[in-house]
Amino acid sequence: MAPEKAPLPVADTEAAAAKATLDAMLKAYPAKTARKRAKQLLVNNPDNPPQIGANTRTTPGIMTQRGCTYAGCRGVVIGPIHDILHITHGPIGCGYYSWLSRRNIVRPKNAGDTNYLQYAMSTDMMEEQIIFGGEKKLAQAIREAYAIFKPKAISIYSTCPVGLIGDDVHSVARNMKEELGINVFAFSCEGYKGVSQSAGHHIANNGVFKHMVGLNDTPDEAEFNINLLGEYNIGGDAWAIDELLRKCGIHVTATLSGDVSYDQVCKVHTVQLNTVMCHRSINYMAEMMEKKYGIPWIKVNFVGAEATAKSLRKIAAYFESKKLTDRVEEVIAQGMAELKPIRDRITARCKGKKAAIFVGGSRAHSYQHLFADIGMETIAAGYEFAHRDDYEGRVVLPTIKVDADSRNIEEITVEQDPTRYKPRKTPEQMKAMEDGGFSFKEYQGMMADMKTNSLVIDDISHHEIEKLVELRHPDIICSGIKDKFVIEKMGVPCKQLHSYDYGGPYTAFVGAANFYLEIDRMLHTKIWKYVVPSWMKEPQLQATLIHNPKEPKPKADPIPTLKRLAASEDAIPE
Ligand code: CFM
């Protein structure tokens, strides 16, 4: 049996207890690290969110969950376009580790549809290319790939060494485009380019906009025609949303980027409205399409039953059509009615339980809605790589400092298209809608949706997660594979919110039911009480490698003794 849980930090008020938890996390760090981390560990105030030190370089020594710029560009935003042939220019490791590691699944729509996603193509850069340059090998790889597959388009992704040795991937792409007569384009998305994968999203957005958007002006024939941006079909999420929208009579031209083809992406500029799911990874493209083509965008969220209903109503309101509004209300009523028995049953079992969510740049916010559906509160949350606006809301955009790292990423200038700019609504229509409470281009941010005194932690480390478990006792933590087993070894279930632990979909009403059942199973399995966290068995080990003379001298280091380690082993129950 697991021993009693550690008591909460003693404090008079909820606010003081929250602060004490964060202080306990910071205590183990050297003074300089603690000062830096303190800007990323906050006690929430939803009405006036405090400023968070987001999108800054990871503190050295922190066990971060973040990925690299290449991962954000190749892996997240462009990689899921299934009939582009994606070539990683670099040593084989980068290609290998981005091979089918994200569950952005694809289902061919028509017989003969092309799907290259099961392949990993790389130029396999070797010492010779690092020394003498890799452009020739890249051109050769493109020729070879074209000869075998005859794709419509080829994309090239630069990894770290490519930037260091200065290969001009863009000129190779231009030459090969001419030679082969197909679309070939490249991305300068070297892993080190930004502080996280977020830089890769921005680079990818720019590339999609420059090389694909606008190539086909023929719109799909549909009365209500939209794009779904920032939805990647992890575990089938995009399919669940598409099915729901189809029931309402809403057509999706392209989902960027989930189960989507090159041809679909080429005509995204022909729709009436852009809806944005994951704001972090794709807000750039929504903005650029509005400027160049006059397509407005709205934020939606299909994660959570209530959130789904709200998003459907918002899309219907945009079109100002009674027919659509009536149909949407029918679909919501049916979805909610079907969901009710499951939701009620699970709510009765899970109500009052506490969740903590640390993931990515979007889901730490959107998944709070699913927990709220079944009466669970999110007591702590944070993103890996989001920016201040994802925490504090888009109102802070003008006050975000542009630092050297952000300056590294190309900002492309977009102007109204001389022939194709066509405002979908007149400024007067938009103003009238806004006066009626409709919000365009708005994203409130995570903190406004969280309770007062909940904890907000950016780029969380393993040490901080351990302290959170020890001091706040969340009943479940949502995170990724880098933390999953650290958390579960402490006796707390961990739901992976990147890969979904091989489950999903979790969007729309069907996905909500799927998620409630999964969370109930995870919370109520009896296995957890047999796991004893290490902090209950043995004292914290500490070590100082280099002593900073400005800091107080550390006490004698408690180096583990064999005797103590043996004793701690004895504590493990049979
Ligand atoms: Fe957007 Fe994503 Fe996310 Fe993201 Fe990602 Fe992802 Fe994510 Mo993993 S695009 S920010 S870069 S919702 S891969 S599908 S789960 S970290 S929260």
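Modeller: In α6, the residues L138, A139, A141, I142, A145 and Y146 are buried. Buried means under 20% relative accessible area, exposed means over 50%, and partly exposed lies in between, with a 1.4 Å probe and protein chains only. These residues cover an arc of only 160° around the axis, which puts them on the same side of α6. The arc is that of the directions from the helix axis to the C-beta atoms.

Biologist: What kind of model is this, and how are the residues numbered?

Modeller: This is a predicted model, in which local features need pLDDT of at least 70 and side-chain atom pairs count only at pLDDT 80 or more, while totals for chains, interfaces and linings use all residues. Residues are numbered from 1 along each chain as its sequence is written, and side-chain values use heavy atoms, with hydrogens and water left out.

Biologist: And how are helices and strands assigned?

Modeller: They are DSSP runs numbered from the N terminus: helices are H or I with at least four residues, and strands are E with at least two.

Biologist: Back to α6. Which residues are exposed on its other side?

Modeller: K136, A147 and I148 are exposed there.

Biologist: What do the buried residues of α6 pack against?

Modeller: They pack against the strands β2 (84-89), β4 (153-158) and β5 (183-187), and against helix α8. Contact means heavy atoms within 4.5 Å.

Biologist: How do α6 and α8 sit relative to each other?

Modeller: Two packed helices are described by the angle between their axes and the distance between the axes. Here α6 (residues 135-149) and α8 (residues 169-180) pack at an angle of about 35°, and their axes are 10 Å apart. Axes are lines fitted to C-alpha atoms, for helices over the stretch in contact, and angles run from 0 to 180 degrees between N-to-C directions.

Biologist: Which residues meet there?

Modeller: From α6, E135, L138, A139, I142, R143 and Y146 meet V169, V172, M176, E179 and L180 of α8. By class, this contact of α6 with α8 has eight nonpolar, three charged and no polar residues. Ala, Val, Leu, Ile, Met, Phe, Trp, Tyr, Cys and Pro count as nonpolar, Asp, Glu, Lys and Arg as charged, and the others, Gly among them, as polar.

Biologist: What about α8 itself: which of its residues are buried?

Modeller: V169, S171, V172, A173, M176 and L180 are the buried residues of α8. They pack against β2, β4 and β5, and also against α6 and α7 (160-165).

Biologist: Where is S257, and is S257 buried or exposed?

Modeller: S257 lies in the loop between β7 (251-256) and α11 (262-266). At 1% relative accessibility, S257 counts as buried. Leaving aside neighbours within four places in sequence, S257 is in contact with V77, P80, I81, E231 and Y232.

Biologist: Where do H473 and D501 lie, and what is the phi of each?

Modeller: H473, which is not a glycine, has a positive phi of about 50° and is found in the loop between α19 (462-472) and β13 (476-479). H473 is buried, with a relative accessible area of 14%. D501 also has a positive phi, near 50°, and its place is in the loop between β14 and α21. D501 is buried as well, at 17% relative accessible area.
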